[in-house]
Amino acid sequence: MRSPRAVFSYLILSALSTPFLIMYVAFFIQAFSERISLGILPEGVGISNFNFLWRPIPWGLERTTVWEVLRNTVLYAGLSGGTVTVICLLGGYALSRMDFKGKTFFLSLQLLLHAFPGHILLIATFFLLLYMKLLYTIPGVALARASIEIPLGIMMAKGFFDAVPWDLERAAMVDGCSRIELWSKIFLPMIGPGIAAVFIWGFIFAWHEFIYVYTFLPGTVRLMSTLIQAMIATETLPVGLLAAMSLFYMAIPLIFFVILQKALLKVPVLGGKGL
Amino acid sequence: MVKLRLENLCKYFGNVKAVDDISLSLSDGEFFALLGPSGCGKSTVLLTIAGIYRPTSGRIYFDDKVVNDLPIRDRNVGMVFQSYALYPHMKVFDNVAFPLRLKKMSSEDIRKKVERITEFVGVADLLSRKPAELSGGQQQRVALARALVKEPSLFLLDEPLSNLDAKLRVTMRAELKKLQKDLGITTIYVSHDQVEAMTMADRVGVIDRGRFMQVGSADDLYNEPENLFVAGFIGSPPMNLIDCSVTVDEQERVLLDAGDFKLDVTGATADLLRKESSAEVVLGVRPEDVKIQPSRFPGSMRAEIYVIEPLGRETLVDLRAGNIPIRALTRMLNAKMKDEVWVDFDPERIHVFDRRTGKVVV
C-alpha cells in the first residue's frame with residue numbers, strides 16, 4: 001500500500017512529464033504511419049517514411065543519401081568532441097595540479113565564458129574562420145562549436161583530476177615520472193569515466209547544433225540538423241518523413257550512450273586502504 | 001646508501017611553519033625514526049627530503065652534495081606511503097615494474113628484478129592481481145617492493161603500518177627492521193606510534209610543531225628525557241607528571257611539595273635541587289618506578305586505589321594521593337578499588353622539569 005505522499009509525488013511527476021511523453025509518442029506514431037491527414041492525424045501503419053534509409057532523399061535538385069550526411073555529422077561531432085576532450089584534459093590537469101599566476105582569474109573566467117551565449121559571436125566567428133581559411137569546412141565548424149563547450153568542459157575535467165589522491169601522484173613522482181608521464185600514465189587511466197564524460201559533453205552539443213552548422217557550412221554540405229531544416233523549408237511539410245528522420249537523428253547518440261554506459265559507471269577503486 | 005644531512009631546514013606554507021629549523025645528520029645505513037603527534041610536521045620533513053616539497057630555507061645534503069634543486073627522479077629515493085598509493089589500474093607486477101619502466105630498462109632486466117624483490121617481500125605469487133584484490137598486508141608489501149625495486153640509496157616510510165591491524169603491525173615491525181638491516185639502506189621512518197619508533201629505529205627524533213624536541217636512541221629518550229614533551233610522549237603507560245614546588249626546610253632537607261604530599265629528596269638529586277629553592281617544577285616518575293605496598297613503609301605516603309586495570313603481564317593501578325592522580329605499574333597486587341595503599345617513588349628514577357620552560361632540571 002503506497003503512502004499518499006508517494007502517490008501524490010507520482011501524480012505531480014506524471015503531470016509534468018506528460019507534455020514530453022506526448023511529444024515522443026507522437027513522433028513515434030507519426031514516423032510509423034503511412035499517411036498523415038489534417039497535419040496531425042496518423043493513418044495506417046508502415047515504414048514507408050523510413051525510405052530515406054535506402055533511397056536518395058527526394059527533394060530539391062540535389063540527390064544525397066542519408067548515410068553520407070550521417071557520416072559527415074559523425075565526423076563533425078566527433079571532431080568537435082575530440083577537440084574539447086584534448087584541450088579540457090590538458091587544461092583540467094593544469095588547473096588541478098599546477099600553480100601559476102592568474103589561476104583564480106582564469107577559473108572565474110571559465111565560468112563567465114560558459115554563461116556567455118556563444119551564438120552571439122556568430123559574425124565574429126565567421127570572420128575568424130574566414131581568415132583561418134577554415135570557413136565552409138567541417139573542421140572549421142567543429143572547432144567553432146568546440147570553443148563554446150571548452151570553458152565548462154575544463155571545469156568538469158578539473159573536478160575529475162581533483163579526485164585523484166595526492167599520494168598516488170607523489171608515489172609516481174618518486175618513481176620517476178615527468179609531468180607528461182604523470183598525466184598520461186597515472187591520471188588519464190584513473191579518470192576513464194571522466195574522459196568519456198568530457199567527450200560526450202562535446203559530442204552531444206555538437207551533434208544537435210544548428211546555427212553554426214547552417215552558417216559555416218555551404219548549402220551543398222548537409223549535416224543532419226541542416227538536412228532536417230531543409231525538409232521543413234519545403235512547401236508541403238512531410239510530417240511523417242520529418243518524424244522518421246528525427247527519430248533517426250536521435251537514435252545515434254542514444255545508442256552511443258548505451259554503449260558508453262558501462263565505461264561511465266566504472267569507478268576506479270583506489271589502490272590502497274584508508275582513503 | 002647515502003649519508004643524509006639536513007641543515008636548518010624550514011618549510012613554510014604561507015604563515016604556517018610546518019617545519020621550523022630542523023637539523024639532522026644521519027650515518028650511512030642508519031634507521032632513523034621521526035616521531036611526533038599528528039600535524040607536527042614529520043611527514044612534511046619526509047616529503048621535503050624526497051623532493052616533493054621545496055624547502056623554504058635550509059639545505060639538504062646527500063653525501064655532502066646539496067640536493068635542494070635536484071629533481072625528484074634523480075634523487076634515487078624509495079618511498080612507502082601510509083595509503084600505499086598503489087596504482088589501481090595496474091597489476092601488481094606492473095606496479096612494481098613501474099619505476100624500472102620509467103628508467104627504460106630492458107624487459108628482461110625488469111622481469112628479473114621484479115621477481116627478485118617480490119620474492120624478497122613475499123608477494124611473488126600475487127603478480128597478476130590488481131591492488132583491489134589484495135589484503136592490506138599484501139598491499140603494503142607490494143608498496144615496499146615498488147619502493148625497493150630500484151635499489152634506492154634512501155628509503156622513506158610515512159606511517160606504513162598505521163592501516164594494518166594490531167597483530168599484523170607487530171609482525172611487520174620485526175620484518176621491516178630485519179629487511180632494513182639486511183639491505184643496509186639509510187632509512188627514515190615517520191610515525192606517531194612511539195612503540196614502533198622505539199623498537200625499530202637506531203635513533204629517534206621527537207618532533208613537536210615543526211621542531212626537534214630531542215634526538216637520541218630509544219634508551220636515551222626513555223631514561224633521560226630532556227623536556228616535558230618528550231617525557232610525556234615516550235613511554236606507555238605515560239610518565240606521571242605532577243606539579244610541585246621545591247622547598248628547603250630548616251634541616252636543609254629538600255622537599256618536592258605537591259600540595260597533597262611532600263616528597264623527600266636525597267642524594268645528588270637533592271644537591272642539584274637545593275639551588276632551585278621555591279622553583280615551580282614538574283615531577284616526573286614512570287609508573288614502573290612507583291613502589292606500592294599494602295602497608296606503610298619508611299618514606300612512603302598514603303594513597304587510595306581509584307581503578308585497577310589488569311594487563312595480564314602486569315597491573316596498571318590508578319591511584320589518588322589526595323587529589324593527585326598517580327599511575328603505577330606493578331607485578332602483583334592483591335587489592336581492590338578504594339583500598340588504602342602506601343607508595344613511594346624510586347629516588348634514582350625521578351625527573352624534575354622546570355614548569356615554565358619544560359626543560360629538565362634533574
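**Note on a predicted two-chain model**

1. Chain A has a secondary structure of 11 helices and 2 strands. Helices (H or I, at least four residues) and strands (E, at least two) are DSSP runs, numbered from the N terminus. Along the sequence, the order in chain A is α-β-β-α-α-α-α-α-α-α-α-α-α.

2. This is a predicted model: local features need pLDDT of at least 70, side-chain atom pairs count only at pLDDT 80 or more, and totals for chains, interfaces and linings use all residues. Residues are numbered from 1 along each chain as its sequence is written, while chains are lettered from A and ligands numbered from 1 in the order in which they are written.

3. How confident is the predictor? It gives the complex an ipTM of 0.83 and a pTM of 0.80. Chain B has a mean pLDDT of 88, with 98% of its residues at 70 or more. (pLDDT is the predictor's confidence in each residue, from 0 to 100.)

4. Now the overall form of chain A. Its radius of gyration is 23 Å, whereas a compact globule of 275 residues would have one near 19 Å. The radius is taken over C-alpha atoms, and the globule rule is 2.2 Å times the number of residues to the power 0.38. The C-alpha trace of chain A spans about 70 × 65 × 35 Å along its principal axes.

5. Of the contacts in chain A with a separation of 6 or more, 72% join residues 24 or more positions apart. Two residues are in contact if their C-beta atoms, placed from the backbone, lie within 7 Å.

6. Look at A:W201 in helix α8 (residues 192–207) of chain A. Is A:W201 buried or exposed? A:W201 counts as buried because it has 20 C-beta neighbours inside 10 Å. (Buried means 20 or more other C-beta atoms within 10 Å of a residue's own, exposed 12 or fewer, partly exposed in between; C-beta atoms are placed from the backbone.) Beyond its neighbours within four places in sequence, A:W201 contacts A:V84, A:E149, A:G153 and A:M156.

7. Where the chains meet, chain B gives 24 residues and chain A gives 22 residues. On the side of chain B that touches chain A, α2(B) gives the most, with 3 residues. That side divides into 16 nonpolar, 6 polar and 2 charged residues. (Ala, Val, Leu, Ile, Met, Phe, Trp, Tyr, Cys and Pro count as nonpolar, Asp, Glu, Lys and Arg as charged, and the others, Gly among them, as polar.)
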